[in-house]
Amino acid sequence: MVTGAGGFIGHHLVKQLKADGHWVRGVDIKYPEYEATLADEFELLDLRNYDSCLQTTRGGMDEVYNLAADMGGIGYITASLARIARNNILINAHMLEASRMNGVARFLFSSSACVYAGDKQVNADVIALREEDAYPASPEPGYGWEKLFAEELCRYYLRDYNFETRIVRFHNVYGPLGTYEGGKEKAPAAVSRKVALARDGGEIDVWGDGEQTRSFMYVEDCVEGLLRLMASDYREPLNLGTDRLVTINQLVDLISEIARKRVFRRHDLSQPQGVRGRNSDNTRLKQVLGWEPKIPLEQGLQVTYLWIESELRRTRRVPVEYLSQAGD
């Protein structure tokens, strides 16, 4: 079963599980937005309610991938602390207990790099974050704190009930079929939208000075990592991301090159930009899974940009003269 199956990563995960020959139940408060689900069953349920969690974990599920979450880009998660924390604490606590009560064999919790201590992310040239760098605890307010608490809750369920849990910490996942506007989109999607809507030689807004750094992982790599971790015997939190650090300004330049447009950056210092630098240390990932994400950023961004441009073109929001030559 995949919770959050109407969302970005969850939808891609359902597709891969089906391709691998599994029977899949998807659950979310909404259907996938951009294409139909391939799940054998899809239930529209609010997982903040315990009864809904009991209902959807019925039937002897082998594996539960708990990806359901109230989340979004930096603007959203810094503006909705109470709402995000409350919603996600309810989802995670109820899903853990319902899965245990209904005899689920393995439960994977999707955590986030937002759990990492803020004082380790104050420089753009950040030292890659190891799993133990989440303590002493000082995560991002709201979203980071509730993720870190849910990690601990997974550990308690393993210790007290011998309930098999897996914990993955995502580092900036991007790709097609994801939110690209409305306030909940992540940086690669937001920049792709802005570049697609800009004329050649035009300007786009960039939040902050653009020198903040991140690493970005393509969604296909993310899904493969999830499947590998679920199949493993590793029970501690594990980074899942790339270790290639780029600035947001460099991200803009990469996407502009893909679009074959000359785009100027207009920096808005009044907008939130998150921690100064964040990168994934993949040492343990390689030790545990014998694998790490491999899809180059340029390759993943091209697929992502072309999909977003096509969506904007489909709704006639991109004038013909603004279209890129990226697909030529």
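Helices (H or I, at least four residues) and strands (E, at least two) are DSSP runs, numbered from the N terminus. The model is predicted, so local features are described only at pLDDT of at least 70 and side-chain atom pairs only at pLDDT 80 or more, whereas totals for chains, interfaces and linings use all residues. Residues are numbered from 1 along each chain as its sequence is written, and side-chain values use heavy atoms, with hydrogens and water left out.

The chain has ten helices and 13 strands. The C-alpha trace spans about 60 × 40 × 40 Å along its principal axes. Of the 328 residues, 54% count as buried, where buried means under 20% relative accessible area, exposed over 50%, and partly exposed in between (1.4 Å probe, protein chains only).

H8 is mostly covered, with nine of its twelve residues buried, among them Ile248, Leu251, Val252 and Ile255. Helix H7 (residues 219-231), with 13 residues, reaches 19 Å from its first C-alpha to its last, close to the expected 18 Å. The buried residues of H7 include Val219, Cys222, Val223 and Leu226, as well as Asp221.

Asparagine 282 sits in the loop between strand S13 (264-268) and helix H9 (283-289). Asparagine 282 counts as buried because its relative accessibility is 2%. Its side chain makes polar contacts with the side chains of serine 280 at 2.7 Å and glutamate 292 at 3.4 Å. A polar contact is a pair of N or O atoms within 3.5 Å; within protein, one must be able to donate a hydrogen and the other to accept it, and residues adjacent in sequence count only if both atoms are side-chain atoms. In helix H10 (residues 297-314) lies serine 310, which is partly exposed at 23% relative accessible area and whose side chain reaches the backbone oxygen of tryptophan 307 at 2.6 Å.

Some backbone details also deserve a friendly mention. The peptide bond from tyrosine 135 to proline 136 is cis, with omega near -5°, and proline 136 lies in the loop between S5 and helix H5 (143-161). Asparagine 162, in the loop between H5 and strand S6 (165-170), has a positive phi near 55° although not a glycine, and is exposed with a relative accessible area of 60%. Arginine 316, in the segment after H10, likewise has a positive phi of about 60° without being a glycine; at 79% relative accessibility, arginine 316 counts as exposed.

How values were computed. Expected span 1.5 Å × (residues − 1).
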